[in-house]
Amino acid sequence: MTAEYRIAENRLGGERTLVVSAPDGTARAVLALPGATLLSWQVRSEATGRLTELTDGYRDDKELLVQDGVRAGLLAPFPNRVADGRYHHADQDHDLLPGHHGDRLIYHGFAREAPFELAHATTTADSARLLLHTTSIRPGRYPGYPFAIDLAVEYTLTARELGITIRATNVGDSTAPYAAGWHPYFTLSRPIDDLTLHIPAHTLIRTDAALIPLPGEDALLPLDNCPGMDFRTPKQLSDAVIDACYADLTPGPAGRIETVLTNSATGEELRVWQHSGYVHVFTGDTLARDRRASIALEPVETMTNAFNRPEHAAALALEPGRSRAFAFGVEYAVS
């Protein structure tokens with residue numbers, strides 16, 4: 001009988017986890033049920049022949065619960081920030097931080113802290129698929145978001161690739177604003193300075209000091225006018241400090257949009273893929289620990305503060321009874 005991928009239950013401190021392992025030892029992933037959060041992704045390195053950690057996730061349950069850095073967080077029902085924690089939808093004003101004064105920073109939605117359960121799993125000799133589900137987004141649960149959303153997250157693990165699909169279903173009776181994304185940190189060496197980055201984007205999203213995109217067309221800056229942030233031609237990160245969103249992404253020959261991180265010394269690459277949307281890049285300069293030890297390459301459906309941008313209203317609208325999926329992932333390769 002051919003050996004198949006294995007799925008085992010474990011714990012990270014007080015939190016439940018799932019450990020997924022390839023039968024030949026070529027790949028391993030660990031998921032925490034809180035937030036359906038990826039804690040670890042390892043593949044057998046072509047450079048060393050050993051399992052090598054390619055992500056920079058939470059080290060313990062305390063970090064997971066605090067959510068500092070939002071390490072590999074699934075971002076829904078909104079990625080990045082909502083300006084002042086307020087937005088207008090369907091002729092109503094909504095406040096995500098009622099009663100808060102002063103600092104009203106809110107970001108990356110609620111899914112990253114939601115309780116998920118394993119709904120289904122399939123294993124073969126070549127892959128494992130895990131479907132995790134939560135019904136926690138309900139009216140009254142999260143201030144300022146009076147909508148009912150079911151989330152299903154499918155992880156697919158193979159020897160060299162990790163794929164993720166987030167599917168949202170509106171189970172309420174009113175149209176909900178909704179968008180998704182992912183906030184993983186990757187590394188092929190520490191620090192990241194010697195790594196090479198390729199971003200197939202033609203436009204940079206301009207923001208104010210609070211990282212909120214400028215109004216209307218003022219937010220769109222052609223990268224021809226911003227060479228320091230232009231990675232259409234792969235170049236070394238060096239001391240570049242980036243916390244920015246890239247738009248007008250160009251698919252490759254296979255139809256996938258790929259943001260590529262390369263270790264030129266070993267030829268190893270991480271190809272972060274998506275089919276649509278934007279990609280946010282963060283070089284980790286303000287992390288509480290291990291600054292610039294990894295880089296966040298974040299597939300997102302919309303730009304920051306999309307809830308307050310009329311041009312995103314149609315794309316955000318999730319009608320009652322309807323579902324929408326956002327697929328992305330990462331592939332390990334050697335050039």
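Reader: Are Tyr87 and Phe307 buried or exposed?

Author: Both Tyr87 and Phe307 are buried in this predicted model. That word applies because each has under 20% relative accessible area.

Reader: What makes Tyr87 and Phe307 an aromatic pair, and why is the pair called edge-to-face?

Author: Their ring centres lie 5.0 Å apart, and the limit for a pair is within 6.5 Å, so they count as a pair.

Reader: Why do you say that the pair of Tyr87 and Phe307 ties parts together?

Author: Tyr87 belongs to strand S7 (residues 86-89), while Phe307 is in the loop between strand S24 (295-300) and helix H2 (313-316), so the pair joins parts 220 residues apart in sequence. Both residues also belong to a cluster linked by ring pairs, with Phe78, Phe110, Tyr142, Tyr145 and Phe147.

Reader: And why is the pair of Tyr185 and Phe282 edge-to-face?

Author: The planes of Tyr185 and Phe282 meet at 70°, with centres 6.4 Å apart, so this pair is edge-to-face. Tyr185 sits in strand S15 (residues 185-186) and Phe282 in strand S23 (residues 278-282), 97 residues apart. Both are buried.

Reader: How do you know that Arg71 lies over the face of Tyr185?

Author: Arg71 is 5.3 Å from the ring centre of Tyr185. The distance limit is within 6 Å, and the charge must also be within 35 degrees of the ring normal. Likewise, the charged end of Lys235 sits over the ring of Phe231, 4.8 Å from its centre.

Note on methods:
Residues numbered from 1 in each chain as written. Predicted model: local features only at pLDDT ≥ 70, side-chain atom pairs only at ≥ 80, totals over all residues. Heavy atoms only, no water. Phe/Tyr/Trp six-rings, centres within 6.5 Å; stacked < 30°, edge-to-face > 60°. Helix = DSSP H or I, 4+ residues; strand = E, 2+ residues; numbered from the N terminus. Buried < 20%, exposed > 50% of the residue type's maximum accessible area, 1.4 Å probe, protein only.
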